[in-house]
Amino acid sequence: MAEASLLDRSRTVAGPGYNRWLIPPAALAIHLAIGQAYAFSVFKKPLGALISGDPAAPAAADWTPTQLGIIFSIAIVLLGLSAAIFGKWLERVGPRKAMLASALCFSGGFFIAALGVHLHNLWIVYFGYGVVGGIGLGIGYISPVSTLIKWFPDRRGVATGMAIMGFGGGAMIASPLSVALMDYFKTSGTGTLGVAATFLTLGVIYLLFMQFGVWTIRVPADDWAPAGYVPSTQQNALITNNNVSADNALKTPQFWLLWVVLLTNVTAGIGVLETASPLVQESFSDAAMGAGRGVTAAAAAGFVGLLSLFNLLGRFFWSSASDKLGRKVTYAIYFGLGIVLYALIPTLGHNVQLALYVVVACVIISMYGGGFATIPAYLSDLFGKYQVGAIHGRLLTAWSTAGILGPLIVNFLHESRKAEGYTGAAAYQTVFYAMAGLLVVGLLANFAVTAVNAKYNEKGPVDAEPGGH
Amino acid sequence: MNQPPVSSTTPETPSSGGAVFLAWAFVGIPLLWGVSQTFIKALDLFK
């Protein structure tokens, strides 16, 4: 057998004494980078004015907001698809090769998109940022998950929460960084309003930044366990010591129940995120608050920023709390409390209670982020560690579906209410009641989750490197 | 597998504390910068 390359799984097995607290930063290096996707909206205005050169006055030949919105949609759909398709490959080759593939695809997507911007060819941008970059997103998102769970069997929620928190934090870095880079390149006279040069620069920055994760990541030896760790002795029927393969997981009702759980939680959260800025401005306008006291566009941007912070904090807080509370109870809180809070939002808007409204929205978004971060640990509890990355990848198709479904529901219901003559907070009333209804479905699905039937378990010890020997 | 088996009770060595600190700083500094920028923006809501 030829000597294994540095990228092979067998070359990433940690030696004795390797400190497991090096693994979360390695995972964060990937998630902080790919989290840039949530900041893509900062490019929408400049991309929509490449011909005219003035974002305030686009030319007829400029790309429209609808055309530009498709870039992000393609990326999110490809995220889900590639996570589902490449999950088993990831489990076979290990996290280092997968992280490198993610880095090459994600940064490569920027390079191709830069060419598309330079040539003013939207199809090249779709292919670059959307397809190639989207594949990088999907592989990168799931690449550290099973490794983290193997290193932290005693704190699965904390470990995956830290990594997935990075996906929320990535946008917070990328947004001001992208704006600063565009300003710099615009004044340097590089053309395309600095967008192409910014794409190239971001591609280089992310390629280098992600290398830290690629070369730091290690998998534990098969028989490694944290000092003093004693595996569960089945006090909790929902935490298994067995293993279910990714293919078998698809045959279980538990997988599809969790698919519904993720779908409903994400769809409802998107309902708030999608509408956050216009929602708070329309609900608390001068007409509602009094002349000169309404929420301005700048304050609404602050509201969106606050939601981003709680999205980030919720990923770590709720996921860590789930280690103590149990995953099923944690999701029951997301849904139970969520139903009450979503149903409360229209009333708070109607009564013009801004402070309480902001608090409620922040709690809702913290649970939206928490839902993302807790799901890998839930999967690991139910299906074991064996192919949890691949199973997680397949479950992320629920995210892609929610990415399409959420905005469709929100826009349809909001437009319908406006057509009926409702304005302000009242125009969003059915949106929030519908989201609360969706959470009822999620609550029932979560309630129905039970231990996986033993017939789906792998027989005998599982190979950590299937097909790799 | 090339590596020798590792004891299931292998302790985590404190000798790599510096490396752990540097690794967390590498990802933590940009993250804190991003969070601070977002926090400053969020303050506009309360003005």
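How are H10(A) and H16(A) oriented to each other? I started my notebook with that one.

**Ground rules.** I am working from a predicted model, where local features need pLDDT of at least 70, side-chain atom pairs count only at pLDDT 80 or more, and totals for chains, interfaces and linings use all residues. Residues are numbered from 1 along each chain as its sequence is written, chains are lettered from A and ligands numbered from 1 in the order in which they are written, and side-chain values use heavy atoms, with hydrogens and water left out.

**Chain A overall.** I looked up the secondary structure and found 17 helices and zero strands in chain A; helices (H or I, at least four residues) and strands (E, at least two) are DSSP runs, numbered from the N terminus. Chain A has a radius of gyration of 23 Å, close to the 23 Å of the globule rule for 469 residues, so it is as compact as a globular protein of that length. That radius is taken over C-alpha atoms, and the rule is 2.2 Å times the number of residues to the power 0.38. I noted a box of roughly 70 × 50 × 35 Å along the principal axes for the C-alpha atoms of chain A.

**H10 and H16.** Helix H10 (residues 253-283) of chain A packs with helix H16 (residues 397-419) of chain A at about 40°, the axes being 8 Å apart. Axes are lines fitted to C-alpha atoms, for helices over the stretch in contact, and angles run from 0 to 180 degrees between N-to-C directions. H10(A) and H16(A) are therefore oblique to each other; under 35 degrees counts as roughly parallel, over 145 as roughly antiparallel, 65 to 115 as roughly perpendicular and the rest as oblique. Their contact residues divide into twelve nonpolar, eight polar and two charged. Here Ala, Val, Leu, Ile, Met, Phe, Trp, Tyr, Cys and Pro count as nonpolar, Asp, Glu, Lys and Arg as charged, and the others, Gly among them, as polar.

**H14 and H15.** I read an angle of about 125° between helix H14 (residues 354-383) and helix H15 (residues 388-395) of chain A, with axes 10 Å apart. That makes H14(A) oblique to H15(A). The contact has seven nonpolar, two polar and no charged residues.

**H4 and H5.** The axes of helix H4 (residues 95-119) and helix H5 (residues 122-142) of chain A come within 7 Å and cross at roughly 165°. That makes H4(A) roughly antiparallel to H5(A).

An unreviewed UniProt entry annotates residues 20-40 of chain B as "transmembrane region". UniProt positions are given in the numbering used here, feature names are shortened, and annotations may be inferred rather than shown by experiment. In the model that span is 100% helix and 0% strand, with its end C-alpha atoms 29 Å apart.
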